[in-house]
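Please keep the 3D view open as you read.

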Amino acid sequence: MTERVETQGISDEHYNFAYLDEQTKRMIRRAILKGIAVPGYQVPFAAREMPMPYGWGTGGIQVTAAVIGKHDCLKMIDQGSDDTTNAVALRNFFVETTGVDTTTKTKDASIIQTRHRIPEETLTKDQVLVYQVPIPEPLRFLEPRETETRKMHALEEYGLMHVKLYEDIAKFGHIATAYAYPVMVQDRYVMDPSPTPKFDNPKMDQMEALQLFGAGREKRIYAIPPHTKVVSLDFEDHPFEVTKFDQPCAICGAEEVYLDEVILDDDGNRMFVCSDSDFCEERREAGHVGHLGTNPLEAEGND
Amino acid sequence: MSLDIQSSEDFPLLQVSNTTKLYGGRIGCKDVSFDLYPGEVLAIVGESGSGKTTLLNCLATRLTPTSGSVNYRNRMGQMRNLYEMSEAERRMLMRTDWGFVHQHPADGLRMTVSAGANVGERLMAVGARHYGNIRDTATDWLGRVEIAEDRIDDDPRAFSGGMRQRLQIARNLVTAPRLVFMDEPTGGLDVSVQARLLDLLRGLVADLGLSVIIVTHDLAVARLLSHRILVMRHGHVIESGLTDQVLDDPQESYTQLLVSSILQP
């Protein structure tokens, strides 16, 4: 999985490069450019039917298809992992329709398409991060009318967003929103950072890489250009806090990273492991071992 | 001429001139003119379909009148035509200087968030970002409209009709508005609850020095709350004047009919 896969030249010639026709890609690129020009603003676009159901990343792959070129190297992650169903299926989709190289190494990739997570490794100015977004409208659950939410964005009427946070504190004693935590982009637009855990919110602030968000069913694209201010909303007496874990990764021993819970048996035993599988593997190759992990070099010797 | 802030009570808060709303060929309300002064309570009465609510909606910028103008004196003492303001300014007025109490509380409340958040929404809309302060203010206002403090985290769905109406009033008054529009605030409530609500409203209006425009078909409500009264029929104002004067000595035959049709228990 960790090898850079050379797939140049085996793409399926029955499809146009990256599946979409050139006119569609131009239309999507125009929406992306507008999104970059107005950070956080949801740009409507004519999302196409893609050969997969809504909710599987139809928005994300249209954005990726519009920006990908022959010399790009693609990394596809789902919940931080390179080898879950969604990631494998979408990676194969682009291998077949573009023939670009793919990788699981964050630093080798020029385009990273993600569902949920931002990689643990700091992204650089030469990279593009594409998010798959299910519900782009942060105000949706309190204001069901699209005409009204657009007006609220236009007039910067964002009091309602704090009503949601108020409800959290009133019900749970703290802001219990753990993912899709609303952010203010460049002091202007309130934006829903897709279903990304709030752990990753601080990484969006002043990120060097370009961040693009695509919602296929809702037909919206928005963007955060490099070095843009992204602030998580909060109250003065209940400031924003990132998720804290009380133990390190069980396999690689990493701390200060986002962990997934893995149930081990029917007796309630569980382990917490890095959600970013590439980050975890790299640490193990570098010799880090968690309390439930084994040294990969010793494991190879056992085979 | 320079404007003295101290004497701003001598100037009308709202000036309505020849406001007309036509629904195609039908008349909603026609050529309505009046001035409303600070601290004054004006009742608009009339039978169903007489154009009371149309007029109220025209004044509260919820409907655009076909012709005529509505001018409002803002806190800086400037008279502004509501329909020449930008939408942003109008919406700002709606959530700071004005309140709107709907007949059905479900129209004016957010039914899916708690009572505290309902009261706090306007505060957050004007920039309050301290949870503790917002909650204290909400608690205070719930107390003023006689809702028990321990109901602050309950949804309005769990409230009775009278409580919902009181919550709606608290939600509107929390930003200390200068002008409140009320559309049949006591409709659908039983008489004892109605009496308590009216008592509460009368107290709040007097304490806060509010100006109120209240639409009602219930002359008893008009008599209890209002200083002045407009009687409407078929979209026209047919009689206006001081409330007790109009109700005790109606001049128009329709007003006489209206007054005489009150049931005496």
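How do the residues of the lining of the largest pocket divide into nonpolar, polar and charged? In this predicted model, the lining holds 16 nonpolar, 10 polar and 19 charged residues.

**The largest pocket**

The space in this pocket comes to about 1,500 Å³. Its lining is made up of 45 residues, and those nearest the centre are E148(A), E157(A), R91(B), R95(B) and R110(B). Both chains take part: in chain A, helix 4 (146-154), helix 5 (159-172) and strand 10 (230-232) each give two or more residues to the lining. In chain B, the elements that do so are helix 2 (87-95), strand 6 (98-101), helix 3 (105-108), helix 4 (115-125) and helix 6 (161-173). Helix 2 of chain B provides the largest share, with five residues.

**Where the chains meet**

Next, have a look at the interface. Here 20 residues of chain A are in contact with 21 residues of chain B. Together the two chains bury about 1,900 Å², and 58% of that area lies on carbon and sulfur atoms. On the chain B side, R91(B), R129(B) and Y131(B) account for 39% of the area buried against chain A, more than any other three residues.

The table sets them side by side.

| Helix pair | Axis distance | Angle |
|---|---|---|
| Helix 5 of chain A and helix 5 of chain B | 11 Å | about 80° |
| Helix 4 of chain B and helix 6 of chain B | within 7 Å | roughly 30° |

Inside chain B, the axes of helix 4 and helix 6 cross at roughly 30°, so the two helices count as roughly parallel. On helix 4 of chain B, the residues involved are A115(B), N118(B), V119(B), E121(B) and R122(B); they meet L167(B), A170(B), R171(B) and N172(B) of helix 6 of chain B. This contact divides into four nonpolar, two polar and three charged residues.

Note on methods: Residues numbered from 1 in each chain as written. Chains lettered and ligands numbered in written order. Predicted model: local features only at pLDDT ≥ 70, side-chain atom pairs only at ≥ 80, totals over all residues. Heavy atoms only, no water. 1 Å grid on protein atoms, 1.4 Å probe; cavity = no way out; pocket = protein on both sides within 12 Å on 5 of 7 lines; lining within 4 Å. Points joined across faces, edges and corners; volume = space filled by probe spheres on them. Helix = DSSP H or I, 4+ residues; strand = E, 2+ residues; numbered from the N terminus. Nonpolar A, V, L, I, M, F, W, Y, C, P; charged D, E, K, R; others polar. Axes fitted to C-alpha atoms, helices over the stretch in contact; angles between N-to-C directions. Parallel < 35°, antiparallel > 145°, perpendicular 65-115°, else oblique. Contact = heavy atoms within 4.5 Å. Buried area = accessible area lost by both parts, 1.4 Å probe.
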